[in-house]
Amino acid sequence: MSSATASAQLTADDLSNLFDAFNRHDIDGVMQYFAPDADFDAVGGSEIHGTRFSGRDAIAAAFVNVWTSIPDAHWAHRDHLVAGDRAVSEWTFSGTAADGSRVEAQGADLFRLRGGKIVHKQAFRKQRPASAAK
């Protein structure tokens, strides 16, 4: 059992395990860290906060969509910090789209936590043009 489910506080180790699950493209491993009523604000979208996905099913579908459209999606995580009901993770995202273009950019997630679960994930990523397909 992960410490996310064993305690009332998410830890930096839990966030590291979360990103390991993202990199395995393991939706069950990822979603164990999210509360049923969680929100995820993606890096892109027409709203001021990006595109918001609410609830576990919508969030899971959004993550699976990233893995489907960028099959080698990877978040090289560098640092995780938990401070009370807030947390931050820094990472470098990389991946190749279906057209062969490649993305590599640094980013961070800001988290709000409750009862050992993520209730809000807000993702930020540097705006960087994709490299041309080879």
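Which residues in H2 are buried?

Modeller: The model is a predicted one, and the answer below should be read with that in mind. In H2, the buried residues are Asp 14, Leu 15, Leu 18, Phe 19, Ala 21 and Phe 22. Around the helix axis they cover an arc of only 155°, which puts them on the same side of H2. The face turned away from that buried side carries Asp 13 and Arg 24, which are exposed.

The length of the helix can be checked as well. H2 has 13 residues, and at 1.5 Å a residue these should span 18 Å; the end C-alpha atoms are 19 Å apart, which agrees.

After H2 comes His 25, with a positive phi. The value is near 60°, and the residue is not a glycine. His 25 sits in the loop between H2 and H3. With a relative accessible area of 25%, His 25 is partly exposed; the cut-off for a buried residue is under 20%.

Leu 18 is one of the buried residues of H2, and Phe 63 is one of the buried residues of H4.

Leaving aside neighbours within four places in sequence, Phe 63 is in contact with Phe 22, Ile 27, Val 30, Met 31, Phe 34, Phe 40 and Lys 121. Phe 22 in that list is also among the buried residues of H2.

Seen down the axis of H4, they fall within an arc of 160°, so they line one face of the helix. On the other side of H4, the exposed residues are Asp 57 and Thr 68. The 14 residues of H4 should span 20 Å at 1.5 Å a residue, and the distance between the end C-alpha atoms is 20 Å, which agrees. The partners that the buried residues of H4 pack against are H2, H3, S1, strand S2 (52-54), S3 and S6.

His 80 belongs to strand S3 (residues 74-83). Beyond its neighbours within four places in sequence, His 80 is in contact with Ala 12, Leu 15, Ser 16, Phe 19, Val 88 and Ser 89. Of these, Leu 15 and Phe 19 are among the buried residues of H2. His 80 is itself buried, with a relative accessible area of 13%. The side chain of His 80 makes polar contacts too: one of 2.9 Å with the side chain of His 77, and one of 2.7 Å with the side chain of Ser 89.

Ser 46, in the loop between S1 and S2, is exposed, with a relative accessible area of 73%. Ser 46 is 14 residues from Ala 60 in sequence, and their C-alpha atoms are 20 Å apart in space. Arg 102 lies in strand S5 and is partly exposed, at a relative accessible area of 33%. The side chain of Arg 102 makes a polar contact of 3.3 Å with the side chain of Asp 72 and another of 3.0 Å with the side chain of Thr 96. Between Arg 102 and Val 82 there are 31 Å in space, C-alpha to C-alpha, for a separation of 20 residues in sequence.

Last, the record. An unreviewed UniProt entry annotates residues 17-120 as "domain: SnoaL-like". Over those residues the chain is 26% helix and 47% strand, with the end C-alpha atoms 17 Å apart.

Notes
Residues are numbered from 1 along each chain as its sequence is written. This is a predicted model: local features need pLDDT of at least 70, side-chain atom pairs count only at pLDDT 80 or more; totals for chains, interfaces and linings use all residues. Side-chain values use heavy atoms; hydrogens and water are left out. UniProt positions are given in the numbering used here, feature names are shortened, and annotations may be inferred rather than shown by experiment. Helices (H or I, at least four residues) and strands (E, at least two) are DSSP runs, numbered from the N terminus. Buried means under 20% relative accessible area, exposed over 50%, partly exposed in between (1.4 Å probe, protein chains only). A polar contact is a pair of N or O atoms within 3.5 Å; within protein, one must be able to donate a hydrogen and the other to accept it, and residues adjacent in sequence count only if both atoms are side-chain atoms. Contact means heavy atoms within 4.5 Å. The expected span of a helix is 1.5 Å times one less than its number of residues. The arc is that of the directions from the helix axis to the C-beta atoms.
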